[in-house]
Amino acid sequence: ELDQQMLDTFYEEMEKVEKLAIEGTDIEAIEAASDKLEELYMDIVDQIQIAHVLQSMDVEDEALAEQYLTAVDQGVQLETDYNAMTRRVYNSDSAAKEVLFEDWTQDEIDRMLAHNEEIASLEKRNEELTVEYRELSQESPSWEEEVVRIYNETVKNGNRIAELYGYENYYEYASRVIYERDFGAEERSKMRSYAINYMMDIANNALVAFLSKFET
């Protein structure tokens with residue numbers, strides 16, 4: 001149901017939030033407008049996800065693919081514009097800045113400041129690659145070659161996004177930002193070690209215990 005009216009409403013509210021925030025005199029009005037803007041944003045994100053699900057259900061439907069990519073394009077542009085607005089407020093001398101950004105972590109502020117058109121373009125391109133992959137036919141003689149091409153470009157784009165955000169690679173970026181994991185490389189290494197050394201025996205013992213009870 002994502003349409004121009006929904007987008008226009010978001011941009012109108014975003015303009016209102018920016019005006020109130022830079023004026024910085026009415027905290028209650030700023031917070032109310034910000035809450036409404038966040039609600040509108042989540043409504044749009046929901047619609048993009050619905051378009052994603054619909055396209056995933058029928059990867060051969062070109063209309064659904066076009067609908068999804070259009071939604072992604074609109075969502076990426078919306079995020080870019082929102083980040084630009086937030087930067088203007090953050091870089092202003094508004095008296096409300098401390099209140100507006102008090103719940104932001106330093107990582108969130110750094111990503112907001114780092115977001116740019118290149119990141120937006122790479123994110124959009126990776127969604128296009130996802131659709132390209134889903135549309136591939138394994139019966140095609142060039143299937144394996146196309147899979148490798150799509151994979152390599154996706155990895156390259158992801159690592160560039162991570163680099164622009166200040167991360168070593170996309171794996172580290174995704175672990176921290178997308179999946180919001182509260183553990184790092186050292187903890188992941190320990191987890192893998194525990195899985196290798198203990199999980200097979202634990203799983204086998206559990207299976208034996210289950211079967212012994214089931215058989216009786």
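This note goes through the core, the ring pairs, the salt bridges and the surface of the structure above.

1. Basis. The model is a predicted one, in which local features need pLDDT of at least 70 and side-chain atom pairs count only at pLDDT 80 or more, whereas totals for chains, interfaces and linings use all residues. Residues are numbered from 1 along each chain as its sequence is written, and side-chain values use heavy atoms, with hydrogens and water left out.

2. Nonpolar core. A nonpolar core is taken here as a set of buried Ala, Val, Leu, Ile, Met, Phe, Trp, Tyr and Cys residues joined through side-chain atoms within 4.5 Å, where buried means under 20% relative accessible area, exposed means over 50%, and partly exposed lies in between (1.4 Å probe, protein chains only). The largest such core has 27 residues, and those with the most contacts inside it are Phe 10, Leu 37, Ile 44, Ile 48, Tyr 68 and Met 85. At least two residues of this core come from each of α1, α2, α3, α5 and α6, and α3 gives the most, with 8 residues. The helices named in this note are DSSP runs (H or I, at least four residues), numbered from the N terminus. In soluble globular proteins, nonpolar side chains tend to be buried together.

3. Aromatic pairs around Phe 101. Rings of Phe, Tyr and Trp (its six-membered ring) pair if their centres lie within 6.5 Å, and planes under 30 degrees apart count as stacked, over 60 as edge-to-face and the rest as tilted. By this rule the count comes to 8 aromatic pairs. Why is the pair of Tyr 90 and Phe 101 edge-to-face? The ring planes of Tyr 90 and Phe 101 stand at 85 degrees, with the centres 5.1 Å apart, so the pair falls in that class. Phe 101 counts as buried at 11% relative accessibility, whereas Tyr 90 at 25% and Trp 104 at 27% count as partly exposed.

4. Other ring contacts. The charged end of Lys 97 sits over the ring of Tyr 90, 5.4 Å from its centre; the criterion is that NZ of Lys or CZ of Arg is within 6 Å of the ring centre and within 35 degrees of the ring normal. Elsewhere, ring pairs link Tyr 165, Tyr 167, Tyr 170 and Tyr 173 into a cluster.

5. With a salt bridge defined as a side-chain nitrogen of Lys or Arg within 4 Å of a carboxyl oxygen of Asp or Glu, the structure holds 15 of them. One of these joins Glu 18 and Arg 88 (2.6 Å, N to O), and the pair links distant parts of the chain, from helix α1 (residues 4–23) to helix α3, 70 residues apart. Glu 18 is buried, with a relative accessible area of 16%, while Arg 88 is partly exposed at 43%. Asp 73 and Lys 124 meet at 3.3 Å, N to O, and connect helix α3 with helix α6 (residues 117–135) across 51 residues; Asp 73 is partly exposed at 35%, and Lys 124 is partly exposed at 27%.

6. Glu 172 and Arg 188 form a salt bridge at 2.8 Å, N to O, which links helix α8 (residues 170–178) with helix α9 (residues 185–215) over a separation of 16 residues. Glu 172 is partly exposed, with a relative accessible area of 25%, whereas Arg 188 counts as buried at 5%. Salt bridges that share partners also join Arg 125, Glu 128, Glu 132, Glu 146, Arg 149 and Glu 153 into one network.

7. Ile 50, Val 53, Leu 54 and Met 57 form a nonpolar patch on the surface, with about 380 Å² of accessible area together. Patches are made of residues with over 30% relative accessible area and no salt bridge, with like charges joined within 9 Å and nonpolar side chains (Val, Leu, Ile, Met, Phe, Trp, Tyr) within 5 Å, and accessible areas come from the Shrake-Rupley method with a 1.4 Å probe, for which only the protein chains shown count as cover for residues. Leu 54 lies in helix α2 (residues 27–57) and counts as partly exposed at 34% relative accessibility.

8. Asp 46. Asp 46 also belongs to helix α2 and is partly exposed, with a relative accessible area of 41%. The C-alpha atoms of Asp 46 and Ser 92 are separated by 31 Å, the two residues being 46 residues apart along the chain.
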